Amino acid sequence: MIAETLIPFVDLATSDERAASQIAGAIDRVVKRGRFILGEELAAFEDEFAAYCQTTHCIGMNSGTDALHLALLACGVGPGDEVITVSHTFIATALAITWTGATPVFVDIDPVTYTIDVNEAAAAITPATKAILPVHLYGQCADMDGILSLARKHNLKVIEDAAQAHGATFHGRSAGSMGDAGCFSFYPTKNLGAYGDGGAVTTNDPGLADSLRWLRNYGQTRKYHHESMGYNTRLDEIQAAILRVKLTQLDTANARRKSLAACYGGAFDAQFHAPNIADGRDHVFHLYIIQSSSREALQRHLLSNGIQTQIHYPIPIHRQKVFAAVGSRRKLDVTDRLALRVLSLPMHPALSEQQVLQVAECVNRFEA
């Protein structure tokens, strides 16, 4: 039996209440100005988000998926190339690779952080390998020292999938600032979310930044001058204006997420595996993940008590029908095991400590 929802998985309306008047003002500013594409709001947001991410350039896109796709293209990835990444992630990570004509090569993840296993990545390198695409999953950065060392050794590009890691750091370095490019999603549920789709690429490479600006805007170097194949994948002015407001509140919202995560972590029985934070990493808890060998039964138990949960991700990409021809060259034992065990609990800034403790107490009451 499903009870009335008492604790939603996410609550965007409540989370945005404090910023409602500022956001309304930002939207009104764009409407009154009458310029909706490639205007002042986007330029300002790009400068502000680049500074936030400790990079010199930010290029707004209309989704995180397109950010990945265009970043790969700008880094020279194409047909015949291989890109090493993980299977325990949202499918957009792999789709972006295939859209360039390259092949995703899936490797296993670290059982502690759920991010790419550097040793597995090293073992997967071939003469066709062009890039490594680590995913900063759930809000925690991958082992970027290991990845960057590997990339330097083999002359590979590094594109960070930071779609879930706005504000996360690795030994003081911001997600999106360490590789050749960093790719972000501003999907509404993200730590920094728009009122629709949106994305961005960050980089410290001016040449790469120019290529991305051309690629997102029909390949134009200036109006009606098309020097390369391009796309229509721009972040619009209204979304940029909204994101400018929400960016000023991101650190406060992330601090709230970390406080709630600490509350969760101190309340669980050990069997449910509260998330581990690796040394030197600042986790911003886009999602809060636990494990259970009886996950579906636990999920039903929570729902019967009015608590919504989700599963990220129940079917690894290498086991999806669409990627059957790609599969995986190496065993992905950790990936396959976690896909059967992970459960995402409510995590958003509007949660109260009382609600967190209520969720934890309900989890602890569960009997498989």
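Helices here are DSSP runs of H or I with at least four residues, numbered from the N terminus. You are looking at a predicted model, where local features need pLDDT of at least 70, side-chain atom pairs count only at pLDDT 80 or more, and totals for chains, interfaces and linings use all residues. Residues are numbered from 1 along each chain as its sequence is written, and side-chain values use heavy atoms, with hydrogens and water left out.

**First stop: aromatic rings**

Rings of Phe, Tyr and Trp (its six-membered ring) pair if their centres lie within 6.5 Å; planes under 30 degrees apart are stacked, over 60 edge-to-face, and the rest tilted. That rule gives 11 aromatic pairs. Select Phe49 and Tyr52: this pair is stacked, at 6.3 Å centre to centre with 10° between the planes. Both sit in helix 3 (residues 40–52), 3 residues apart, so about one helical turn separates them. Phe49 is buried at 1% relative accessible area, while Tyr52 is partly exposed at 21% (buried is under 20%, exposed over 50%, partly exposed in between, with a 1.4 Å probe and protein chains only).

**Next stop: two packed helices**

Show helix 4 (residues 64–74) and helix 5 (residues 92–99), which pack at about 40° with axes 8 Å apart. Axes are lines fitted to C-alpha atoms over the stretch in contact, and angles run from 0 to 180 degrees between N-to-C directions. To see the contact (heavy atoms within 4.5 Å), pick out residues including Leu68 and Leu72 of helix 4 and Ala96 and Trp99 of helix 5.
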